[in-house]
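Here's a quick briefing to keep beside the viewer. Have a look at the model first, then work through the notes.

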Amino acid sequence: MKFLSRISAFFLLAALPIFAQSDNRQQGLLTLEPSWRQALGGEVISLPSVQAQSVVVALDGGNIKAYSADGNPLWNYTARGKISPYVTRSREGTSYFSRTNGILIAVNRAGRELWRRDIGDPLSGGVVTGWDGRLFIPAEKKMLCYTASGNLLWTRILESTFKIPPKLDSSGSVIFTLENNEVYRMDPFGNSFVWTASGAPSALLSTGDQQILVIYPNGTMEILGTTENWFMTAAGNLHSSLLPRLPASPLAAAGNGNKIAAVLSDGRIVLVSLEESKILWTAESHIKSGNQKAEMVFDDKGIYILSENGASGFSHDGKRLWFTTLQNIAAIPAFSDDGTLYTGGKDWILYTYKIEDRLMPQKNGLYGSQPDGSYGTGRPHSLHIPVYPLLDYEIDRKLEQIEAAVNAGNIGTHEPEWTTFLLLLSYNNGNIQNRISAMRILGQIGSHETVPWLSNIFRRESEPVLKAAAAAAIGAIGVDPEGIAINTFLYTIVSSNIKSEQVLIAITTSTAALCRFSGPPLSETGIRILNLLCENPQPPLVRRQAGKELASLR
């Protein structure tokens, strides 16, 4: 009987009904075959994560599986234990997830484990990737921040567990709500701004002017205080606004600038203008009624609702473009930037359906869209430039203080000040050993915003030990999403006559580290570098190291 029920479910999902309508009165039924399907060997427990021309799904057996955009199996990672139902992927395609015993794991886009850390508790929501690659990690009653290469930057203990898990807001901070009704905005350095909501929020959104919108179960909406660059005074308490009241309780909401879309428990979708303080339009989604889980996407192409029983697409002016009802699915489906719907069935099969041709405009970059802003960690900040010259013993003492905090995972709110100090120290013509120490610590702090700065030091310096230190720091950061460092290394190998084994070894190990983390297309250039370093007339030690690194990438 179980076999027959799975066969029935297979044919039910294989002919997915897509309803398209040219206006709000006319409907046409279009039956689509799946673009492809793949047997998973388990039930999907999380929203599929689509990135880097591939999709990753987490399964109830503790596996993470990846498939290419055309359905070819890419890799299968076994966590050797149960995993929490959250998988996040970075721009480079690295997957972050945790076992239920609190072990956080990073796996690169080729399915190889990069690192694992014990965060003490399982994830309470998905890992959030910041603008510079840092990771905001919610776990039980705490928020942790790690670098992309797995170094702890800070930990913040909270008074309660998460109710609405963190999401990135328009300022690059994360916003979230706790079960005790406290609403947080936490910046990348661990500064917290907290308000106590007047009730239990149903949704939390960031507006285009860096305010926070709270939506309550009864449909009322309130706005939290305003921001000034990074620094927001928490003196502005929750205040009422003239915003309209939603006609029913929200299941999910999404914002785009100063417009907010929400899907309601009765199945309607509404679009609200915060500037005009009114509901612009209301339409019917695929949801009939009920308190089911839902997600929303609101981007330049349209507004999309994804739920446990289907999906809908709307234009910005409220016209329903299509909708579908799904049965026997195991988790909320995902809708990719290219218009493909990914859904995992309870029959242990992953289905994909091409619904729209969506070519989203992207800023230039090797890996997906570039971040919306910068944390300012890649250049000295005028507020934190110390008075120079400092005496050598003062510099030594400052370096010891910073390195001790970095090694303890407690850099936190000092990061802007200390990064400014390290950037200036690494670039000046002072004590060489202090400059090397500054670059090493910058590598540990791990913001990819410092890669251009370090690449510039690598290019301009003639002293081998300084060039090697700059290359090693870039490798420790591990992320080069714009390909600045990897192309600098290639140019150096092809166009320069470098004889220093120290510099060549540093280029070798740094290139391999970047390749392991980011994969193609960056690794294609990296492998070319390593192949060049394997050849004569490179020194034997360099050739051996390059060969070893190439073998590790296979």
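In what order do the three strands of the open sheet come, and is the pairing parallel or antiparallel? The order is β20-β21-β22, and the pairing is antiparallel.

Before the details, some ground rules: this is a predicted model, where local features need pLDDT of at least 70 and side-chain atom pairs count only at pLDDT 80 or more, while totals for chains, interfaces and linings use all residues. Residues are numbered from 1 along each chain as its sequence is written, and side-chain values use heavy atoms, with hydrogens and water left out.

**The three-stranded sheet**
- The edges are β20 (203-206) and β22 (221-223), each pairing on one side only; strands here are DSSP E runs of at least two residues, helices are H or I runs of at least four, and both are numbered from the N terminus.
- From one strand to the next, the twist averages 20 degrees.
- β21 (residues 212-215) pairs with β22 in the antiparallel sense over three bridges; two strands count as paired if DSSP finds at least two bridges between them.
- Leu213 has Ile223 in β22 as its bridge partner.

**Helices α6 and α8**
- The axes of α6 (residues 464-477) and α8 (residues 501-518) come within 8 Å and cross at roughly 10 degrees; axes are lines fitted to C-alpha atoms, for helices over the stretch in contact, and angles run from 0 to 180 degrees between N-to-C directions.
- That makes α6 roughly parallel to α8, a label for angles under 35 degrees.

**Two buried residues**
- Ile402 sits in helix α2 (residues 392-407) and counts as buried because its relative accessibility is 0%; the cut-off is under 20% relative accessible area, with a 1.4 Å probe and protein chains only.
- Leaving aside residues up to four places away in sequence, Ile402 touches Trp418, Phe421, Leu422 and Ile441.
- Thr340 belongs to strand β32 (residues 340-344), and at 8% relative accessibility Thr340 is buried too.
- Leaving out residues up to four places away in sequence, Thr340 touches Ala334, Phe335, Thr352, Tyr353 and Lys354.

Conventions:
Buried < 20%, exposed > 50% of the residue type's maximum accessible area, 1.4 Å probe, protein only. Contact = heavy atoms within 4.5 Å. Parallel < 35°, antiparallel > 145°, perpendicular 65-115°, else oblique.
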